[in-house]
Amino acid sequence: MASLTCTASDLALLSSSSSNATAIASFLCGRFSSISNQLSDATHAIDNTYLLFSAYLVFAMQLGFAMLCAGSVRAKNTMNIMLTNVLDAAAGALSYYLFGFALAFGGPSNGFIGRHFFGLNDFPSPSADYSFFLYQWAFAIAAAGITSGSIAERTQFVAYLIYSSFLTGFVYPVVSHWFWSGDGWASPTRADNLLFDSGVIDFAGSGVVHMVGGIAGLWGALIEGPRIGRFDRAGRSVALRGHSASLVVLGTFLLWFGWYGFNPGSFLNIAKVYGTSGGYYGQWSAIGRTAITTTLAGCTAALTTLFSKRLLVGHWNVIDVCNGLLGGFAAITSGCSVVEPWAAIICGFVSAWVLIGFNILASKFKYDDPLEAAQLHGGCGAWGLLFTGLFAKKAYVNEVYPGRPGRPYGLFMGGGGKLLGAQIIQILTIIGWVTATMGPLFYGLHKMKLLRISTEDETQGMDLTRHGGFAYAYNDEEEFSMRPGMMMTKIEPTNISPSSDGRRSPANV
């Protein structure tokens, strides 16, 4: 790179003759070009550093999923559920590298599916760098992690490998291509032929990530059926509680932390001005606003769940509050960048009741989901898409999706119903696509007897029968009724002392 220093002596040497005007101009232009190149390099470095940091935060959510899942299952299946979370990341990395990223963002392509960058061939490109791949991979394995929670405690290990690779390598990438790629048929960044003149606004993935993972988990849990003992012979619901509320709370806080990469990070860059250069307001401000709307939605949902469940069941339940918090985050993920903070409070309030309502329906229809993943991510994710169609603000929509004046915005904000119509199309499309792909996959695994474990394995716990031993020493009192044979009970010592004639003293009995 050329030196950026320039002194009066440099110009004096150039002005020794009258013919040096062109040389002076070239000298100055060269210095300005060098400065411009350095600023451009700095901008790329800042944006890529920001995106890499966001990718690390989203990846940290895998630890949150692992802790949340571990605490939500019984202790006898802890090693199994932890292993599946590790494999979601490991198997997902290879499948997304080989196929997923190309199907999602391999442009130029058609509106349905990408067709370049298989195995990261001819990558990076002018449109994306390695940091973008890492960020999108972290999103893909998050969708797989959602599904693993729905089918926990009763699924064969090989089924996890098959569905996780298929979901991250094909099902999820196609959906992300539709709504996030510039070539996607419903993308808001498409150059022309926008769906309803708007395209779908699913900024960080209420539909693309949460609904895909939730609907896939729904079909897996439906085909497998409930866990043994989840409903009694009369059809009444029996709580099979997780073994550690502490792990659930730890996982929730880790997911909360990671969501600041999930939502604000979806801007993909930070060094971007809005309007005149040199002002205080730019993309960095929108990123801060997105973090605030994310926080308010989750916190409102948590408090709404706390008091609602107190009225419904009569006690304060930390597990319900954690799930309510995550439901609020899943809902705001779609519109986090284009709504006002006050609207995020409405989003969180409604999402709590959506989750409660779907849980009541699940119990009535004898649907068993140990982590409420389908209800939380599928139900609250769908509400988040509708919420965006209702409350997206015109000014924010034009900032986040520039270059198309007159783009539709929220119905309740005066923008008409076009955006809401696009959001409804997205909901129906995701339900149809995931049902058509993951439903037959789970059914095929079921028919081949590769999906559900045996009754003996489920009763004893997969840690003992499939993974070489328990995660830690424990006593599950509720499991005693399922163990065969007689059991010795512990006899506590007493203070009974023999009387002088060798008989027990009645006073001490």
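Modeller: Rings of Phe, Tyr and Trp (its six-membered ring) count as a pair if their centres lie within 6.5 Å; planes under 30 degrees apart are stacked, over 60 edge-to-face and the rest tilted. This is a predicted model, where local features need pLDDT of at least 70 and side-chain atom pairs count only at pLDDT 80 or more, while totals for chains, interfaces and linings use all residues. Residues are numbered from 1 along each chain as its sequence is written, and side-chain values use heavy atoms, with hydrogens and water left out.

Biologist: Okay, which residues do ring pairs link into a cluster?

Modeller: Tyr96, Phe101, Phe105, Phe117, Phe123, Tyr130, Phe132 and Phe133.

Biologist: And how many aromatic pairs in the whole structure?

Modeller: The search finds 36. Take Phe253 and Trp256: their ring centres are 5.9 Å apart and their planes at 5°, so that pair is stacked.

Biologist: Is Phe253 buried or exposed?

Modeller: Exposed, at 51% relative accessible area (exposed is over 50%, buried under 20%, partly exposed in between, with a 1.4 Å probe and protein chains only).

Biologist: Switching topic, how many disulfides are there?

Modeller: The count is 0, a disulfide being a pair of cysteine sulfur atoms within 2.5 Å.

Biologist: What about Cys380?

Modeller: Cys380 is in no disulfide either, as the nearest cysteine sulfur, that of Cys347, is 8.6 Å away. Cys380 counts as buried, at 0% relative accessibility.
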